[in-house]
Amino acid sequence: MPRYEVTIEKDACDGIFACLTRDPRFVEGEDGLATVDPDADPVYDCAGDVTDAADRVVATFDDDRIDEAKQAAAACPTDAIVVEAVDGAEPSGPRESPESTESAEEVAE
């Protein structure tokens with residue numbers, strides 16, 4: 001199973017909550033912004049580590065639900081959510097990985 005990290009940048013989140021309809025682990029936090037709660041999913045037992053800091057929420061999961069997290073990130077109109085694989089899967093969201101910035105010439109070499 002892939003290990004991945006979900007980051008919500010609080011400055012970018014407008015509380016539109018499009019993410020909540022894509023992945024039930026996304027919930028409205030006490031501050032009125034999106035956050036992640038592994039226990040919020042009524043169907044699946046979910047385990048994850050969540051750090052809720054002043055500027056961002058970072059959750060790390062080790063399960064097969066990375067596609068749901070990527071759908072939540074894609075639904076965010078402000079690009080506040082980034083999903084990055086910790087062990088080599090594709091990232092999703094506005095951040096660019098070093099591999100994605102290589103030119104075709106560099107890859108061909």
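Author: Two strands count as paired when DSSP finds at least two bridges between them. The model discussed here is a predicted one.

Reader: Over how many bridges do E1 and E6 pair?
Author: At least two bridges are needed for two strands to pair. The number of bridges between E1 and E6 is 5.

Reader: What is the order of the strands in the open sheet?
Author: The sheet has 4 strands with antiparallel pairing. Its edges are formed by E4 and E6, each of which pairs on one side only. From one strand to the next, the twist averages 15°. The order is E4-E5-E1-E6.

Reader: How many residues lie between E4 and E5 in their hairpin?
Author: E4 and E5 run antiparallel and are joined by 5 bridges. Within this pairing, Asp49 has Thr60 of E5 as its bridge partner. The number of residues between the two strands of the hairpin is 3.

Reader: At about what angle does H1 run to E6?
Author: H1 lies across two strands, E1 and E6. The angle between H1 and E6 is about 150°.

Reader: Which element gives the most residues to the largest nonpolar core?
Author: The largest nonpolar core has 22 residues, and those with the most contacts inside it are Val6, Ile8, Phe26, Val36, Ile81 and Val83. At least two residues each come from strand E1 (3–9), strand E3 (34–36), strand E5 (56–62), helix H1 (66–75) and strand E6 (81–85). With 4 residues, the element that gives the most is H1.

Reader: Which residues does Val6 touch, not counting residues up to four places away in sequence?
Author: Val6 is one of the residues with the most contacts inside the largest nonpolar core. Leaving out residues up to four places away in sequence, the residues touched by Val6 are Phe26, Val36, Val57, Val58, Ala59, Phe61, Ala69, Ile81, Val82 and Val83.

Reader: Is Thr35 buried or exposed?
Author: Thr35 lies in strand E3. Apart from neighbours within four places in sequence, Thr35 is in contact with Ile8, Arg25, Phe26, Val27, Glu28, Gly29, Asp52 and Val57. The cut-off for burial is under 20% relative accessible area. Because its relative accessibility is 12%, Thr35 is classed as buried.

Reader: How far apart are the closest N and O atoms of the salt bridge that Asp23 forms with Arg25?
Author: Side chains of opposite charge can pair when their charged atoms come close. Asp23 is buried, with a relative accessible area of 0%, and Arg25 is likewise buried, at 1% relative accessibility. In the salt bridge between Asp23 and Arg25, the closest N and O atoms are separated by 2.7 Å.

Reader: How many residues apart are Asp41 and Arg65, a pair that links distant parts of the chain?
Author: Asp41 forms a salt bridge with Arg65, in which the closest N and O atoms are 2.5 Å apart. Asp41 is in the loop between E3 and strand E4 (48–52), while Arg65 is in the loop between E5 and H1. Both Asp41 and Arg65 are buried.

Reader: Which residues are linked with Glu9 in a network of salt bridges?
Author: Asp55 forms a salt bridge with Arg56, the closest N and O atoms being 3.8 Å apart. Asp55 is partly exposed at 35% relative accessibility, and Arg56 is partly exposed at 31%. The residues linked with Glu9 in the network are Asp55 and Arg56.

Reader: What distance separates the C-alpha atoms of Asp64 and Pro2?
Author: Asp64 is placed in the loop between E5 and H1 and is exposed, with a relative accessible area of 60%. Leaving aside neighbours within four places in sequence, Asp64 is in contact with Met1 and Pro2. Asp64 and Pro2 are 62 residues apart along the chain, yet their C-alpha atoms are separated by 6.4 Å.

Reader: About what positive phi does Asp79 have?
Author: Asp79 lies in the loop between H1 and E6 and is partly exposed, with a relative accessible area of 44%. Although Asp79 is not a glycine, its phi is positive, at about 55°.

Reader: In which loop is Phe17 placed?
Author: Phe17 is not a glycine, yet it has a positive phi of about 65°. Its place is in the loop between E1 and strand E2 (26–28).

Notes:
Residues numbered from 1 in each chain as written. Predicted model: local features only at pLDDT ≥ 70, side-chain atom pairs only at ≥ 80, totals over all residues. Heavy atoms only, no water. Core = buried A, V, L, I, M, F, W, Y, C linked by side-chain atoms within 4.5 Å. Buried < 20%, exposed > 50% of the residue type's maximum accessible area, 1.4 Å probe, protein only. Contact = heavy atoms within 4.5 Å. Salt bridge = Lys/Arg side-chain N within 4 Å of Asp/Glu carboxyl O. Axes fitted to C-alpha atoms, helices over the stretch in contact; angles between N-to-C directions.
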